[in-house]
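Here is a short briefing on a structure that may be new to you. Have the sequence and the 3D view at hand as you read.

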Amino acid sequence: MERLIACENLNKRFGLKYALKDVNLSLGPGKIVGLLGPNGSGKTTLIKLLCGLLQPTSGQVLVLGNAPGRESKAGVSYLPDRMYFADWMVAGDLMDYFEDFYADFDRGKVEQMCASLGIEKRDRIKTMSKGTKEKLQLALVMCRQAQIYLLDEPIAGVDPAARDFILDTILRNYNPQATVVISTHLIADVEKVLDEVIFLKEGEIVCHDSVDNLREREGKSVDTLFREVFRATSYFPQGGNSPWEKL
Amino acid sequence: MEWKIDGQGPIWLQLYAALTRRILAGEYPAGTRLPSVRELAAEAGVNPNTMQRALAYLEEQGLAVGNGTQGRVVTDDQQLLASARRTQALALLQETRTALVELGFTAQEAKELWKEGESTWND
């Protein structure tokens with residue numbers, strides 16, 4: 001299959017506000033794709049549409065050749081932007097859940113990974129730090145042999161060492177037939193691991209290109225480019241040379 | 001040797017430069033096998049496709065030789081290694097000169113500085 005993910009004229013509206021406007025997108029296999037944009041630019045909305053958690057207002061989404069549903073969910077491994085498990089559960093409960101739910105789940109691998117992270121099966125989620133929760137969830141999600149991985153903010157709110165661990169996990173579990181979509185606004189950290197980037201601005205795709213093409217063409221890092229594209233002009237447009245100077 | 005990746009230019013070219021430095025410094029000795037794409041990518045913390053591109057270019061330049069399914073081997077063509085080492089050295093000298101000129105020295109003064117520096121080098 002050439003196109004794992006395809007969106008055509010995709011719109012999503014919440015009330016009067018468009019969260020996504022006329023999005024056209026096509027992603028092939030073997031790519032690590034960065035979905036980049038400031039807060040509120042539609043990153044999570046797009047990922048939720050691909051997961052079938054939201055329905056499009058108009059336009060079409062195809063995941064693995066079908067509209068999001070039972071078939072597509074079997075091939076999509078999704079990391080939500082927040083913990084969705086009850087906090088009285090222990091790590092072992094989550095492994096049982098994943099093993100029950102997903103045929104492609106590799107139990108041995110996740111147990112190994114948790115052991116190397118120092119997470120024990122009887123550890124309760126309630127007692128875990130934010131970073132440990134993130135790492136546990138990512139380990140579970142990456143231990144599926146899926147065709148598409150949708151990772152919503154996998155590195156937000158964790159320390160730099162944990163970030164390295166998470167990116168390393170993504171790279172080491174990289175599979176040439178699969179596609180990984182990572183949404184984030186921490187670009188400097190992920191830039192090196194990405195093949196392609198998609199810039200979302202106010203619900204529209206303003207740029208979709210490979211990292212090296214962008215670097216070659218613009219002569220600067222994607223992080224610098226992002227800061228330029230999304231620079232807030234001034235908090236106090238009436239006066240002052242610096243954004244913090246009032247009239 | 002560290003993998004240094006900065007904001008200047010494509011990542012694959014920087015990886016290619018780092019690999020070349022490692023070969024010339026003898027970290028990957030002539031005639032030995034290079035680590036696999038995946039290993040190198042994980043070590044440098046970069047995308048495997050990007051590392052693949054850097055290695056393909058290394059092969060194109062003759063510094064590595066593809067060995068089918070056996071991975072890649074560092075060339076043992078001493079002539080080629082010597083000329084690559086020379087190219088690298090000339091580039092370093094050029095860089096130093098540019099930096100000195102930026103500091104406000106003329107080319108002539110730079111040459112004199114070089115001589116002055118020479119006397120302080122003790123092998």
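A:Asp209 is buried, with a relative accessible area of 17%; buried means under 20%, exposed over 50%, and partly exposed in between (1.4 Å probe, protein chains only). A:Asp209 forms a salt bridge with A:Arg217, the closest N and O atoms being 2.9 Å apart. A salt bridge is a side-chain nitrogen of Lys or Arg within 4 Å of a carboxyl oxygen of Asp or Glu. A:Arg217 counts as exposed, at 52% relative accessibility.

This is a predicted model, where local features need pLDDT of at least 70, side-chain atom pairs count only at pLDDT 80 or more, and totals for chains, interfaces and linings use all residues. Residues are numbered from 1 along each chain as its sequence is written, chains are lettered from A and ligands numbered from 1 in the order in which they are written, and side-chain values use heavy atoms, leaving out hydrogens and water.

**Other salt bridges**

- Over all chains, the structure has 19 salt bridges.
- One of them joins A:Glu111 and A:Lys121, with the closest N and O atoms 3.2 Å apart.
- A:Glu111 lies in helix α4 (residues 107–117) of chain A and A:Lys121 in the loop between α4 and α5, so the pair ties together parts that are 10 residues apart in sequence. Helices (H or I, at least four residues) and strands (E, at least two) are DSSP runs, numbered from the N terminus.
- A:Glu111 is partly exposed at 29%, and A:Lys121 is partly exposed at 41%.
- Both belong to a salt-bridge network that also links A:Asp96, A:Glu99 and A:Arg107.
- In chain B, B:Glu27 meets B:Arg22 in a salt bridge at 3.7 Å, N to O. B:Arg22 is buried at 3%, whereas B:Glu27 is partly exposed at 36%.

- A:Asp152 sits in strand β6 (residues 148–152) of chain A.
- A:Asp152 is buried yet has no salt bridge; A:Lys48, the nearest side chain of opposite charge, is 6.5 Å away. Here Lys and Arg count as positive and Asp and Glu as negative, while His and the chain ends are not counted.

**A buried serine**

- A:Ser77 is in strand β5 (residues 76–79) of chain A.
- A:Ser77 is buried, with a relative accessible area of 1%.
- Its side chain reaches the backbone oxygen of A:Val141 at 2.8 Å.

Key:
Polar contact = N/O pair within 3.5 Å; in protein donor to acceptor, adjacent residues only side chain to side chain.
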